[in-house]
Amino acid sequence: MFLYDCFQHRWKHWACFLTRAVPTWQMAWSALTGRTSMKIAGKGLKILWWKLQPLVVAAVVVVGAIRITTYIKRQNRRKKWNNAGKDFVVLHMFPRGHFSPSLSPFVVKLETYLRMAEIPYQVDYDEPFGPKGKCPWITLNGEEIGDSQLIMERLGSMYNKNFSSALTQEQKAVAQAMRIMVDEHLVWCLVVWRYIVDGGRSLLACMEWPRFTRLFIPRLKYKIEKVAKLQGIGRHSSTEVEEMGRKDIAALSVYLGNNQYMMGDNPTELDCSVFGMLSQIVWNSPNSPYIRMFNSEFTNLNAYCQHMKEKFWPDWNECLKPPLPSSQ
C-alpha cells in the first residue's frame, strides 16, 4: 500500500512535469523551425535581390527619366501658354473631327461662345484634360480654368459679354432649365447611343485615331456602361433612352419654332449649349435614330444648326481634320 502510494505520488509528479514541459518544447521547436525558415527565406531574397538588382535599378532610372521629362515638357507648355498674351484665351481640347470641329459637344459649345463674344483665343491639343479631368479647359493669364459653363460665366463677367442680360426673368429661368436639360440629360442619351448602342463605331469614323487605340474601344465601352448605370440612364433599355432623347429634342423644336435662335431674334449663351449638343447629332451621329428624327420630325432644328454654323463658323471646313475647301 505504501509502495502504491509512492508510485502514485511519483506518477503525478512526472505527469505534472510533462504537462508543463511539452508546451515549452513545442514553443522551442516552433521558434527553432521559424528561425530556420526565416534564415532560408532571407538567403533566398538576398540571392534574388542580387540577381534582379540591375533590372530594378534600370526600371527606377527609366521611370524617373520619364517622369522628369514629362514634368519638363509640362512646365514648358505652361510657359508657352502663359506667354500667349494678357487676357488671351488658350483653349485646350481634343483634336479636330472629320465632319465637325470637335466630337465633344462641350468643346463646340465653348468655342462657339468665344466666337460669339469675339474673345481672342488659340487652340491647343497637347493636354485635352484639364485641372478637373474634363475637356475642354482654358488657360487665361496663367490660370487654369475647367468646365465649359464655368468658363463661359467667368469670361462673360471679365469681358462684359452677357448675351442673356436683355432677357426677362421668366426667359432666363426657361433658358436655365433648357440648358440643364441639354447639358445634363440629352447628353447622356447621346452617350448611350454613341458608346453603348453604336459601340463607338461613329467615334472611330468621325475622328482620326491611331490604329492601336481601336483595341481600347471595348474597354471604353465597358467604362461608359458602368458610369451610365451609376448616373441612372444606363439602367434603361436603348428604346427607352431613345424616347427620352426624342422628348428633349421635341421640346427644343417646339420652343424654337420659326425663330432664328432659341430665345428669339438674338443669340444667347443657351444657343452655345444647344448648338454644341445638336452638332453631334447632325454631323457626328451617322445612322443614329436622332439624325432620322432631324430629317423627318424636327427639320427646324436641322435648319437652326446650319444657321449657327454659317453665322459663327464661316471657317467650319478649315477647322476639320483634314481641312476641306471653303466652297464645300
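# Notebook: core, helix crossing and hairpin

**Entry 1, the core.** I looked up the largest nonpolar core and found 69 residues in it. Leu-252 and Leu-278 have the most contacts inside this core. I then checked which element gives the largest share. Helix 4, residues 169-197, supplies 12 residues of this core. I note that I am working with a predicted model.

I listed what Leu-278 touches, leaving out residues up to four places away in sequence. The list holds Leu-186, Leu-252, Phe-294, Leu-301, Tyr-304 and Cys-305.

I located Tyr-304 in helix 10, which spans residues 299-312. Is Tyr-304 buried or exposed? Its relative accessible area is 2%, so I put Tyr-304 down as buried; the cut-off for buried is under 20%. Next I took its contacts, again setting aside neighbours within four places in sequence. Tyr-304 is in contact with Leu-256, Gln-260, Tyr-261 and Met-262, and also with Asp-271, Val-274, Phe-275 and Leu-278. Tyr-304 and Phe-275 lie 29 residues apart along the chain, and their C-alpha atoms are separated by 8.3 Å.

I stayed with helix 10 and turned to helix 9, residues 289-296. The two axes come within 5 Å and cross at roughly 95°. I therefore call helix 9 roughly perpendicular to helix 10, as 65 to 115 degrees counts as such. Which residues meet here? From helix 9 I wrote down Phe-294, Asn-295 and Ser-296. From helix 10 I wrote down Thr-299, Leu-301, Asn-302 and Cys-305. I sorted the residues of this contact by type: three are nonpolar, four are polar and none is charged.

I moved on to strand 3, residues 137-140, and strand 4, residues 143-146. They pair in the antiparallel sense over four bridges. One bridge I noted joins Thr-139 to Glu-144 in strand 4. The hairpin has two residues between its strands. Asn-141 takes a positive phi there, near 55°.

What lies 7.4 Å from Asn-141, C-alpha to C-alpha? I found Gly-85, which is 56 residues apart from Asn-141 in sequence. Gly-85 sits in the loop between helix 1 (2-82) and strand 1 (89-92). Its relative accessible area is 29%, so I record Gly-85 as partly exposed.

Note on methods:
Residues are numbered from 1 along each chain as its sequence is written. This is a predicted model: local features need pLDDT of at least 70, side-chain atom pairs count only at pLDDT 80 or more; totals for chains, interfaces and linings use all residues. Side-chain values use heavy atoms; hydrogens and water are left out. A nonpolar core is a set of buried Ala, Val, Leu, Ile, Met, Phe, Trp, Tyr and Cys residues joined through side-chain atoms within 4.5 Å. Buried means under 20% relative accessible area, exposed over 50%, partly exposed in between (1.4 Å probe, protein chains only). Contact means heavy atoms within 4.5 Å. Axes are lines fitted to C-alpha atoms, for helices over the stretch in contact, and angles run from 0 to 180 degrees between N-to-C directions. Angles under 35 degrees count as roughly parallel, over 145 as roughly antiparallel, 65 to 115 as roughly perpendicular and the rest as oblique. Ala, Val, Leu, Ile, Met, Phe, Trp, Tyr, Cys and Pro count as nonpolar, Asp, Glu, Lys and Arg as charged, and the others, Gly among them, as polar. Two strands pair if DSSP finds at least two bridges between them.
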